[in-house]
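Q: I have a structure on screen and want to learn how to read it. Where do we begin?
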Amino acid sequence: YSELVMAGAAGDTRRLLIAGVTNPSVLLGVAQTDPAASVRSQAIMSGTGIAEVHNPEQWLDLLEQSVGVTSGDSGAMSRNEAAYAGINILKQGTSKGSPMFKRAAQLLEDLLDEGALSEGTAGIVRKELIAMGLPR
């Protein structure tokens, strides 16, 4: 990966490589530093999809920052990708009363309210929120 970055390889190439990485430390580093938004987004989706996410609050912070970027900005994470990463974090077994659970649920609700999710993704988000006992 590092050699690809140093060689100036296209973001798509790095994104494909990162999609197969399962080391949470590597994914977190990529999510924090890769120059391409698409690669950072893939690292966030992969990192939050690991069975037991290490440092879930760090991942949620990154996700919130990525979503906070204006959607037309080259640094923005797609809203659909953000929703799937948010679902991954929500499913990490945190209790419903925990601040992290509330933040992840709020992020998903905000994405729904924004109206920028595809119809299919919005349906999945609603289903997951209901399954977690949250009205939607």
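Q: Leaving aside its neighbours within four places in sequence, which residues is Leu 63 in contact with?
A: First, a caution: this is a predicted model. Now pick one residue and list what it touches. Leu 63 is in contact with Ile 44, Met 77, Ala 82, Ala 85, Gly 86, Ile 89 and Leu 107. That list leaves aside neighbours within four places in sequence.

Q: Which residues touch the most other members of the largest nonpolar core?
A: Start with the general idea. In soluble globular proteins, nonpolar side chains tend to be buried together. Here the largest nonpolar core has 37 residues. Ile 44, Trp 59, Leu 63, Leu 90, Val 125 and Leu 129 touch the most other members.

Q: Which helices each supply at least two residues of this core?
A: Helices H3 (24–33) and H4 (37–48) do, and so do H5, H6, H7 and H8.

Q: Which helix gives the most to this core?
A: H7 does, with eight residues.

Q: How many salt bridges does a search of the whole structure find?
A: Look for a side-chain nitrogen of Lys or Arg within 4 Å of a carboxyl oxygen of Asp or Glu. The search finds six salt bridges. One of them pairs Asp 61 with Arg 103, whose closest N and O atoms are 2.6 Å apart.

Q: Where do Asp 61 and Arg 103 lie in the chain?
A: Asp 61 is in helix H5 (residues 56–68), and Arg 103 is in helix H7 (residues 99–114).

Q: Why does Asp 61 count as partly exposed?
A: Check relative accessibility against two cut-offs: under 20% is buried, over 50% is exposed, and partly exposed lies in between. Asp 61 has 32%, so it counts as partly exposed. Arg 103, at 27%, is partly exposed too.

Q: What is the salt-bridge partner of Glu 114?
A: Arg 79 is, with the closest N and O atoms 2.8 Å apart. Glu 114 sits in helix H7 and Arg 79 in helix H6 (residues 79–90), 35 residues apart. Glu 114 is partly exposed at 43%. Arg 79 is buried at 13%.

Q: Is Glu 128 buried or exposed?
A: Buried, with a relative accessible area of 14%. Lys 91 is partly exposed, at 46%.

Methods:
Residues are numbered from 1 along each chain as its sequence is written. This is a predicted model: local features need pLDDT of at least 70, side-chain atom pairs count only at pLDDT 80 or more; totals for chains, interfaces and linings use all residues. Side-chain values use heavy atoms; hydrogens and water are left out. Helices (H or I, at least four residues) and strands (E, at least two) are DSSP runs, numbered from the N terminus. Buried means under 20% relative accessible area, exposed over 50%, partly exposed in between (1.4 Å probe, protein chains only). A nonpolar core is a set of buried Ala, Val, Leu, Ile, Met, Phe, Trp, Tyr and Cys residues joined through side-chain atoms within 4.5 Å. Contact means heavy atoms within 4.5 Å.
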